[in-house]
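Hi,

Here is the structure I promised to pass on. Please have a look at it first; my notes follow below.

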Amino acid sequence: MSNPKPEMEGDVYFPSHEVISQTRIKDWDKTSKEALKDPAKFWENEANELEWFKKWDKVLDDSDKPFFKWFVGAKTNITHNAVDRHLKTYRKNKLALIWESEDGKQDRTFSYYSLNREVSRMANIIKAMGIRKGERVTIYMGRVPEIVFAMLACAKIGAIHSVVFGGFSVDALQGRIADSESKLVITCDGSYQNGKLVELKRIVDESIKHCPSVENIIVIKRTGHDVPMEAGRDHWYHDLCSLPIANGKCATEVMDAEDPLFILYTSGSTGKPKAILHTHGGYMVGTYSTLKYVFDVNDEDRFWCTADPGWITGHSYIVYGPLINGSTVFLFEGGPSFPYPNRWWQLIEKYGITIFYTAPTAIRGLMRFGDAWPNKHDLSSLRLLGSVGEPINPEAWKWFFHVIGKEKCPIIDTWWQTETGSFMITPTPVVPLKPGSATRPFFGQEVEIVDEDGNQVETDAEGYLLLKNPWPAMLRTIYGDPDRYVKSYWSKFPGKYMTGDSARRDKDGYIWIIGRVDDVIKVSGHRLGTAEIESALITHPAVAESAAIGLPHEIKGQAIYCFVQLKPGFGQSEELAEELRQHVAQHLGPIARPEEINWIDKLPKTRSGKIMRRVLKARAQGLPEGDLTTLED
């Protein structure tokens, strides 16, 4: 039976009758109105679909705003709902995880039954390392199945995981291990990225030289190349797996709904990255419900989110959300265009992927190679496409819709953050779509767009994007720094959550995200603080002062441009500029490598010493520099 194409009216794409007939919620407006009448009731109904060792005394406790608590008094464990409960159903023998290596020479599959065995084994080993409930474990790995096992195993025994993206370098990893005071690091000997070896274990060795809290390192063998192993501290995972202590059942810890599940570091506009804290109960309900409704997941789906598990998108929509829903998850080690630009399309065809969720930067990158690469492959298994990480430009949206989705797959453009834990502004498959708009707030949520004084802006005017209602998957605090939590998110507009993004609302009530209002640069969907980049530059002996800005980039969304003031005795040269680019990449990882180094005699600053980045942005783009009356000089 042919799938009718969505009707189009101007630049609005309406879902086909077939999409509507197959989707769980057919009347978005009705569901939205009901959820807004009583958000706590909506979330309670969702929570009732999951398993709890003890039900809650109260759905939402808002007596100590902004430190909201959800499902107060309830007992649960997210791993119980992601793994254990499926073993009692027909899903026991269903595929939970499919993995393929970058070079395509290896693949591994795990049913929910075998996933439970792997998670229990990893949990037994972590416990044998002396890790107890509430203690932190840093996970620094490539995209291999063991990263999923490690996260679920930590949650199973009540330990708090801190996953650090495997593309971060020594300094970034060291800061995160030190801040979390992790006793255990789980890593791989190395990983592969575009055919090149990434020395994960050596980076860990270097980073823990100044991290006295680390007692043990577990190393998964992925590449098989020689790495140094320190006796008594470093342990090969495959050796540990053969010990009697590793095998056998592992009890799932009974956790309070508000017990910490993980911390995840996100770049802030000032100083060190913020350790965002999420909890077992609320985060579990939020990721379960949002994935269920937004991507309408069902038992036949094969869900592929191309993010790295080291980011929040990987946490929520590779690991927890899909597994709680009993989905089949696909995890691929490599990137979109190695060795050829058809790698992803090849995998969609090979594994019959039905839902494909990726970032605009990847779509733009693949668009450059033309339509012939995807057109070589049968992509007919796809029924939904998704976009995450940054606003998607209409041109990329249309290419994704026409060439990849063959005009039959709605594009689910999701806006959310590390802090929100789950989708906040997003369509569901039945919502009419406008290319480039994240559409409407998720059920139970309301947004406001305001000016500097907190007044609502007019239709189509840009303003600060605020979230009005608390939601279960929201961050609870910044780990170890509750004052910074209040200051960062709740102080500028008291009582409302400050997202740090600007947006506008059109005449139909659709939300259009514009970008960050603070000093955060989004490169290929990865958040990098200007403060981190500048701190890395300043450690170079030639640099007196520096400023980093983000400028529009055709593929990456934003690219990093740095302005550098040299110390006396150092001369400007292309060789030095390249050295500084390498220096930043070494300190923060390849994603932070500046696009351009610009020499400057003096940085534009206010009289209070704040760098005026808008002046630098205007200068870099050859635009008027605006009001300069607050400049120091």
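In this predicted model, helix 10 (residues 280-294) and helix 11 (residues 312-324) cross at roughly 80°, and their axes come within 9 Å. That angle makes helix 10 roughly perpendicular to helix 11. On the helix 10 side, the residues that meet helix 11 are Tyr-283, Met-284, Thr-287, Tyr-288, Thr-290 and Leu-291. Helix 11 brings Ile-312, His-315, Ser-316, Tyr-317, Tyr-320, Gly-321, Pro-322 and Ile-324 to the contact. By type, the residues of this contact divide into nine nonpolar, five polar and no charged.

Tyr-320 turns up again in the largest nonpolar core, which has 136 residues. Tyr-320 is listed there among the residues with the most contacts inside the core, together with Trp-52, Phe-71, Ile-126, Leu-152, Phe-295 and Leu-323. Which helix gives this core its largest share? That is helix 6, with 10 residues.

Another core lies apart from the largest one and has 29 residues, among them Phe-356, Leu-366, Ile-392 and Ile-404.

Back to helix 6 (residues 145-157): its 13 residues reach 19 Å from the first C-alpha to the last, close to the 18 Å expected at 1.5 Å a residue. Is helix 6 mostly covered or mostly open? Mostly covered, with 13 of its 13 residues buried. Just after helix 6, Gly-158 takes a positive phi of about 85°.

Best wishes

How values were computed: Residues are numbered from 1 along each chain as its sequence is written. This is a predicted model: local features need pLDDT of at least 70, side-chain atom pairs count only at pLDDT 80 or more; totals for chains, interfaces and linings use all residues. Side-chain values use heavy atoms; hydrogens and water are left out. Axes are lines fitted to C-alpha atoms, for helices over the stretch in contact, and angles run from 0 to 180 degrees between N-to-C directions. Helices (H or I, at least four residues) and strands (E, at least two) are DSSP runs, numbered from the N terminus. Angles under 35 degrees count as roughly parallel, over 145 as roughly antiparallel, 65 to 115 as roughly perpendicular and the rest as oblique. Contact means heavy atoms within 4.5 Å. Ala, Val, Leu, Ile, Met, Phe, Trp, Tyr, Cys and Pro count as nonpolar, Asp, Glu, Lys and Arg as charged, and the others, Gly among them, as polar. The expected span of a helix is 1.5 Å times one less than its number of residues. Buried means under 20% relative accessible area, exposed over 50%, partly exposed in between (1.4 Å probe, protein chains only). A nonpolar core is a set of buried Ala, Val, Leu, Ile, Met, Phe, Trp, Tyr and Cys residues joined through side-chain atoms within 4.5 Å.
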